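Dear colleague,

I am passing on the structure below, and my notes on it follow. Please keep it open while you read.

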Amino acid sequence: MNPQKIRNGPNFLQQVNKKKHVDCALSSNSQSSDDEVDEIVAIKKDVQKQRFSVSAEAYGQFNKKENFKAKYIPKSKEQSERIKQRMQEGFMFSALNDKEIEIVVGAMEEKIFHKAEYIIKQGEEGNVLYVVDSGELDCFKNYGKGDIFLKTYYPGESFGELALLFQSPRAASIKVKSDKAILWQLDRETFNLIVKEASIKKRQQFETFLENWDLLKEIKDPYDKLKMSDALFDKQFKKGDIILQSGSKSNEIFIIESGRVSVLKNNQKIFELCKLGEYFGDQSIVTNQIETFTYVAEEDIKLMYIPKKSYSSTLKEIQSTLMNNIQIKYGKYL
Ligand code: CMP
């Protein structure tokens, strides 16, 4: 374990909050207190400098796993299936094995909310995480001058994990947008002992890459990058493996971690991808057309990938950049 990581890690949101007050104070004295958006951008830039790491306490939790007696809330088979389905749609639970999924499903509790009801209020203590079963919810954050809308949550997405991951106050507020919302609620203990471990491992695994991946430099909110690690996986291929065939639609956006990938058109190699962060499979996912090229492992390689189903919650925000990049990367060969 990198000790620096542990030192930087705990309570990053509290650090964020402290920073926020300093920035807000400065800006209210400033003559150019014209524009809230500028302030938010400044705060976000500062926040970006913080590292998303994990606390030493989190690791202490793992030792308790052996004696853990999971909460169990009886539910119908149909309800259990629905929860599993929702868990598969999002990516918070993507690293769990079958046994762990069963434990989490057993511990989930159904909660029904109505329009305009607050599920979470920024600054309050939080002990549960939510998975959206039906309905829509809006997320707002107050940076010091009133609530700013951040995003809408849809079925399959989850929220409220930060307070559990970092033992911090709720970092944003979430309220029901639709007439009604059905949510599945997961308690802190089950989250800590079953979900957190996998989530932390994944976040650590991809943290440095995501912080430095050029493609994401337009994504200003560090929270969005943090979430992206949940949607990233890795996979190895052997020399000669066809990773993606022309004429097909890709199920993943592949990203080079190490090794070389040949790009073929009509069985002719036209170029190679080999730099960390170069990606492919985007053509069919971003434009919904078929792939023009075939991609073959030139040697034993390691790739990362983002599944197609996670595209809208991870990279859609930068869709126009992705479109431009497709033109730049492939335009001359199309
Ligand atoms: P938590 O802090 O526990 O409660 C509020 C939730 O809002 C938070 O977890 C995240 O799940 C969610 N959220 C969405 N966007 C953001 C954001 N930009 N910053 C912080 N939290 C966010």
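**Two crossing helices**

The axes of helix 5 (residues 77-89) and helix 6 (residues 98-107) approach within 10 Å and cross at roughly 120°, where axes are lines fitted to C-alpha atoms, for helices over the stretch in contact, and angles run from 0 to 180 degrees between N-to-C directions. Helices (H or I, at least four residues) and strands (E, at least two) are DSSP runs, numbered from the N terminus. S80, I83, K84 and M87 of helix 5 meet I101, E102, V104 and V105 of helix 6 in this contact, contact meaning heavy atoms within 4.5 Å.

**Basis of the model**

Residues are numbered from 1 along each chain as its sequence is written, and side-chain values use heavy atoms, with hydrogens and water left out.

The chain averages a pLDDT of 81, with 80% of the residues scoring at least 70. Over residues 1-63, however, the pLDDT is below 50. Where pLDDT is low, the predicted coordinates should not be read in detail.

Four strands form an open sheet in the order 9-16-11-14, with antiparallel pairing; two strands pair if DSSP finds at least two bridges between them. Strand 9 (233-237) and strand 14 (279-280) stand at the edges with a single partner strand each, so one side of each has no neighbour in the sheet. Helix 8 (residues 188-212) packs on the sheet and touches strand 9, strand 11 and strand 16 (301-307). Strand 11 (residues 252-258) pairs with strand 14 over two bridges, and F280 in strand 14 is the bridge partner of F254.

Best wishes

Note on methods
pLDDT is the predictor's confidence in each residue, from 0 to 100.
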